[in-house]
Amino acid sequence: MLAGLLALTVAAAFAGAAIYVSVAEQPARLRLEDKALLQEWQPSYKRGAAMQASIAVIACTLGLVAWWQTGNLAYLAGAVLIILPWPWTLLVMMPANRLLEAMDANTLNPEARTLIVKWGNLHLVRVWLGVLATLAFLWGSA
């Protein structure tokens, strides 16, 4: 089943990117001074959001195609899990994202560090959703 294998591959890319952010990028950026921290987060988030959102839509679509073709509920579960970072981001993470995006990165923003730490903790939900979606697609492909 090509759609299922592609869904698995794309979901694994999503999970891998999300894990990278949590285990490498976020800890590294938190070692920066406050001003540099925000200067790094803003462009990183903008680029990462576009990439992760696109990957999630592609994996979800492929998962739905695989479910439609096979009737295997594991593909439906994977499709739902991989798209859940969208509402999580829009409903839960967006207030912090908007505050961070609105800050002037050329001035010292004392609340930026606290918000970026909070953002990193909330991002862990996206990691787990990506991992669970990958596992569901793997189960469907077995």
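# Exercises on a predicted helical model

Helix H4 bends by about 70° at Met 93, with a proline, Pro 95, following within four residues.

**Exercise 1.** Determine how the end-to-end span of H4 compares with that of a straight helix, and state what the buried residues of H4 pack against.

Solution. 
1. H4 has 18 residues, and a straight helix would reach 26 Å at 1.5 Å a residue.
2. The end C-alpha atoms of H4 are only 22 Å apart, which falls short of that value.
3. The bend of about 70° is located at Met 93.
4. Met 93 is also one of the buried residues of H4, a list that includes Pro 85, Thr 89, Met 94 and Leu 100.
5. The buried residues of H4 pack against H1, H2, H3 and H5.

**Exercise 2.** Identify the residues that touch the most other members of the largest nonpolar core, and the helices that each supply at least two residues to it.

Solution. 
1. The largest nonpolar core has 20 residues; those touching the most other members are Val 10, Ala 11, Phe 14, Ala 59, Leu 81, Ile 82 and Phe 137.
2. At least two residues of this core come from each of H1, H2, helix H3 (73-83) and H5.
3. Take Val 10 and leave aside its neighbours within four places in sequence: its contacts are Ile 55, Ile 58, Ala 59 and Leu 62.
4. A second, separate core holds 16 residues, among them Met 93, Leu 100, Ala 105 and Leu 115.

**Exercise 3.** Assign the geometry of the Trp 41 and Trp 119 pair, then find the aromatic cluster that contains these rings.

Solution. 
1. The whole structure contains four aromatic pairs.
2. For Trp 41 and Trp 119 the ring centres are 6.0 Å apart and the planes stand at 85°, so the pair is edge-to-face.
3. Trp 41 belongs to helix H2 and Trp 119 to helix H5, so this pair ties together parts 78 residues apart in sequence.
4. Tyr 45 and Trp 119 are likewise an edge-to-face pair, at 6.2 Å centre to centre and 90° between the planes.
5. This second pair also links distant parts of the chain, with Tyr 45 in helix H2 and Trp 119 in helix H5, 74 residues apart.
6. Buried means under 20% relative accessible area. Tyr 45 is at 8% and therefore counts as buried; Trp 119, with 4%, is buried.
7. Trp 41 is buried too, and Trp 41, Tyr 45 and Trp 119 form one aromatic cluster.

**Exercise 4.** Of the four salt bridges in the structure, examine Glu 25 with Arg 29, Arg 113 with Asp 34 and Glu 101 with Arg 98.

Solution. 
1. Glu 25 and Arg 29 meet through their side chains at 2.7 Å, N to O. Both lie in helix H1 (residues 2-29), four residues apart, or about one turn.
2. Glu 25 counts as buried at 15% relative accessibility, and Arg 29 is buried at 2%.
3. In the bridge between Arg 113 and Asp 34, the closest N and O atoms are 2.6 Å apart. Arg 113 is in helix H5 (residues 110-141) and Asp 34 in helix H2 (residues 34-70), so the pair ties together parts 79 residues apart in sequence.
4. Arg 113 is partly exposed at 23% relative accessibility, as is Asp 34 at 25%.
5. Glu 101 bridges to Arg 98 with closest N and O atoms 2.8 Å apart; the two are three residues apart in helix H4 (residues 85-102), about one helical turn.
6. Glu 101 counts as partly exposed at 35% relative accessibility.
7. Salt bridges with shared partners join Glu 25, Arg 29 and Glu 40 into one network.

Methods. Residues are numbered from 1 along each chain as its sequence is written. This is a predicted model: local features need pLDDT of at least 70, side-chain atom pairs count only at pLDDT 80 or more; totals for chains, interfaces and linings use all residues. Side-chain values use heavy atoms; hydrogens and water are left out. Buried means under 20% relative accessible area, exposed over 50%, partly exposed in between (1.4 Å probe, protein chains only). A nonpolar core is a set of buried Ala, Val, Leu, Ile, Met, Phe, Trp, Tyr and Cys residues joined through side-chain atoms within 4.5 Å. Contact means heavy atoms within 4.5 Å. The expected span of a helix is 1.5 Å times one less than its number of residues. The bend at a residue is the angle between axes fitted to the seven residues ending there and the seven starting there. Rings of Phe, Tyr and Trp (its six-membered ring) pair if their centres lie within 6.5 Å; planes under 30 degrees apart count as stacked, over 60 as edge-to-face and the rest as tilted.
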